[in-house]
Amino acid sequence: HGAEGVGLLRTEFLVLGRSQMPSEDEQASYFIRVGTRFTGRPVVIRSYDLGGDKFPAPLRPPQEANPFLGWRALRVCLDRPEIFRAQIRAVLRARAVADVRLLLPLVTQVEEVRQTKELIAEAERDLTRNGTAAGGDLPVGVMIETPAAVVLAEVLAAESDFLSVGSNDLTQYTLVVDRGNARLANRFNALHPAVVRMLQSVAEAGRRTGKPTSVCGEMASEPLAAFLLLGLGYRVLSSAPTSLPLVRWLVRRVDVSAAREAAAAAVAATTDRDVRKALERGIAPYVDLRLLDG
């Protein structure tokens, strides 16, 4: 479909449905296989995003009233360093032969990034000491998925090599809407003014710090939202494979200055409807709006 790399390689599917965690060798083999298929292009490996609705049997999931606000993602990895170390070592081994990068999910504190970097440095020293090929200078990115991460985006950017906005969770946590709740489906809207302004804030933080900033999640796969992201200054979109051809066509077709103007109007809008109208007005000269509805 014309992808120029992998914007988010999920790793929890190596774990789910199994009675034991995957070995370091198994993970390294998988990361190397994917990385070498995209030779010369980046493959962003997201560390285990476990918890919530994805908890493997070996970890004995705790009973939690609000699992999506509980023990999940990077919190699990840092609390169970023996599991995280195996994954980090596997990523470093893949880094020796491919352009792989590590992305940390659900970061809300800068200390979480620092702890991870310490584990990476420790693993790299150990691999080198044992004569195992390991790629140095592993780029570490932070997912921006919560209002806390948005507010701290510039601080997190200073501690990391790149930022990636997780638009699904950012929308969910900002609007306090469970995206799996059918009754609230009409309230889950990434074009809500609050979400749009947060996206602008993160893009500006990336520009100020000089750190690459991308967007993954459903937003990057939807043409109208992709037009907004282009106007806000995002230049890397992680899209669903089936949406790639349309998004690539759209990015080549629209005028960036028109996207900037529409994005500015969207940021100033006060309702979901007005955000959509501003974007539709901006994109209409380039794209038949009926195509977007389809």
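A disulfide is a pair of cysteine sulfur atoms within 2.5 Å. The model shown here is predicted.

Q: How many disulfides does a search of the whole structure find?
A: The search of the whole structure finds zero.

Q: What makes Cys 77 and Cys 216 buried or exposed?
A: A residue is buried when its relative accessible area is under 20%. Cys 77 has 3%, so Cys 77 is buried. Cys 216 has 4%, so Cys 216 is buried.

Q: What makes Asp 99 and Arg 101 a salt bridge?
A: The rule asks for a side-chain nitrogen of Lys or Arg within 4 Å of a carboxyl oxygen of Asp or Glu. The closest N and O atoms of Asp 99 and Arg 101 are 2.9 Å apart, and the pair forms a salt bridge. Asp 99 is partly exposed, because its relative accessible area of 23% falls between the limits of 20% and 50%. Arg 101, at 27%, is also partly exposed.

Q: How do you know that Arg 114 and Glu 159 form a salt bridge, and where do the two residues lie?
A: Their closest N and O atoms are 3.1 Å apart, and the limit is 4 Å. The pair links distant parts of the chain: Arg 114 is in helix 4, Glu 159 is in helix 6, and they are 45 residues apart.

Q: Why is Glu 159 given one label and Arg 114 another?
A: Glu 159 has a relative accessible area of 19%. Buried means under 20%, so Glu 159 is buried. Arg 114 has 40% and therefore counts as partly exposed.

Q: What is the distance between Asp 49 and Arg 46 in their salt bridge, and are the two buried or exposed?
A: The N to O distance is 3.5 Å. Asp 49 and Arg 46 are both buried. By the salt-bridge rule, the count comes to 17.

Q: Why is Ala 149 called buried, and where does Ala 149 lie?
A: Its relative accessible area is 0%. The label needs a value under 20%, so Ala 149 is buried. Ala 149 lies in helix 5. Its C-alpha atom is separated by 9.3 Å from that of Leu 170, 21 residues apart along the chain.

Q: Why is Ala 94 called buried?
A: Ala 94 also has a relative accessible area of 0%, so Ala 94 is buried. Its place is in helix 3. From Ala 94 to Arg 260 the C-alpha distance is 38 Å, and the two are 166 residues apart in sequence.

Q: Why is Asp 137 called exposed?
A: Exposed means over 50%, and Asp 137 has 68%, so Asp 137 counts as exposed. Asp 137 is in the loop between helix 4 and strand 4. Its phi is positive, about 55 degrees, although Asp 137 is not a glycine.

Q: Why is Val 176 called exposed?
A: Val 176 has a relative accessibility of 70%, so Val 176 counts as exposed. Val 176 is found in the loop between helix 7 and helix 8. Its phi is positive, near 55 degrees.

Technical notes: Residues numbered from 1 in each chain as written. Predicted model: local features only at pLDDT ≥ 70, side-chain atom pairs only at ≥ 80, totals over all residues. Heavy atoms only, no water. Buried < 20%, exposed > 50% of the residue type's maximum accessible area, 1.4 Å probe, protein only. Helix = DSSP H or I, 4+ residues; strand = E, 2+ residues; numbered from the N terminus.
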